[in-house]
Amino acid sequence: MKIWVDADACPVVIKEILYKAALRVKVPVILVANQPMRVPSSDLISTLQVSSGFDEADDEIVRRVEAGDLVITSDIPLAAEVIDKGGLALNARGELYTVDTVKARLNMRDFMDTMRSSGIHTGGPAALSQADRREFSNQLDRLLTRYQNQRTRIQKNK
């Protein structure tokens, strides 16, 4: 398992949770962004800078993600593509996307785009709350525990 981060829009507090998890569980975390990023010095934490442009980071993540990898993103179309490739997608509020929730979110996103293009102000997402951070951390822990248990079973069967 690798953890891919759609890093341009990922909150700093979420990145910090991911850094700690990478070191604790020994899983690689790769931050993909169109600008240089500072990360802790570790063989498990790296950055991948892509050219600036619409969806460049998303496209690179989709090219590289493999079944079983985890992608941290709030981008619904990216989450849908990750799920199609057999990966997992988790947003910064701790919502683990599924085939069904991604479809519903894509429909809502399209509806909101239509509203905005009609001149209706829809506002943006609420600020990340303490409860959101806690839910993200808890969901990440559940996913990583499942990953560790699978890894342990595989090693025992060798």
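Predicted model: local features only at pLDDT ≥ 70, side-chain atom pairs only at ≥ 80, totals over all residues.

Visitor: Is Glu 60 buried or exposed?
Guide: Glu 60 sits in helix H2, residues 56-64. The cut-off for buried is under 20% relative accessible area. Glu 60 comes in at 14%, so the label is buried.

Visitor: Leaving aside neighbours within four places in sequence, which residues is Glu 60 in contact with?
Guide: Contact here means heavy atoms within 4.5 Å. With neighbours within four places in sequence left out, the list for Glu 60 is Val 32, Leu 48 and Val 50.

Visitor: Which helix or strand gives the most to the lining of the second largest pocket?
Guide: That pocket has a volume of about 270 Å³. Its lining has 17 residues, and those nearest the centre are Asp 6, Asp 8, Ala 9, Asp 58 and Asp 75. The top contributor, with three residues, is H2.

Visitor: How many residues in the lining of the second largest pocket are charged?
Guide: Asp counts as charged, and several Asp residues turn up nearest the centre, including Asp 6 and Asp 58. Across the lining there are seven nonpolar residues and four polar ones, and the charged ones number six.

Visitor: Moving on to Gln 130, is it buried or exposed?
Guide: Gln 130 lies in helix H5, residues 130-156. Its side chain makes a polar contact of 2.8 Å with the side chain of Arg 133. The cut-off for exposed is over 50%. Gln 130 has 52% relative accessibility, so it counts as exposed.

Visitor: How far apart in space are Gln 130 and Asp 100?
Guide: In sequence, the two are 30 residues apart. Going C-alpha to C-alpha, the distance between Gln 130 and Asp 100 is 27 Å.

Visitor: What do the buried residues of H5 pack against?
Guide: H5 has 27 residues and reaches 39 Å from first C-alpha to last, close to the 39 Å expected. Its buried residues include Phe 136, Leu 140 and Tyr 147. They pack against strand S1, helix H1, strand S4 and strand S5.

Visitor: How far apart are the end C-alpha atoms of H1?
Guide: H1 has buried residues too, among them Ile 14, Leu 18 and Val 25, and they pack against S1, S2, S3, S4 and H5. At 1.5 Å a residue, its 14 residues should span 20 Å. The model agrees, because the end C-alpha atoms are apart by 20 Å.

Visitor: Which residue with a positive phi follows H1?
Guide: Its phi is near 65°. The residue that follows H1 is Lys 26.

Terms used:
Residues numbered from 1 in each chain as written. Heavy atoms only, no water. Helix = DSSP H or I, 4+ residues; strand = E, 2+ residues; numbered from the N terminus. Buried < 20%, exposed > 50% of the residue type's maximum accessible area, 1.4 Å probe, protein only. 1 Å grid on protein atoms, 1.4 Å probe; cavity = no way out; pocket = protein on both sides within 12 Å on 5 of 7 lines; lining within 4 Å. Points joined across faces, edges and corners; volume = space filled by probe spheres on them. Polar contact = N/O pair within 3.5 Å; in protein donor to acceptor, adjacent residues only side chain to side chain. Expected span 1.5 Å × (residues − 1).
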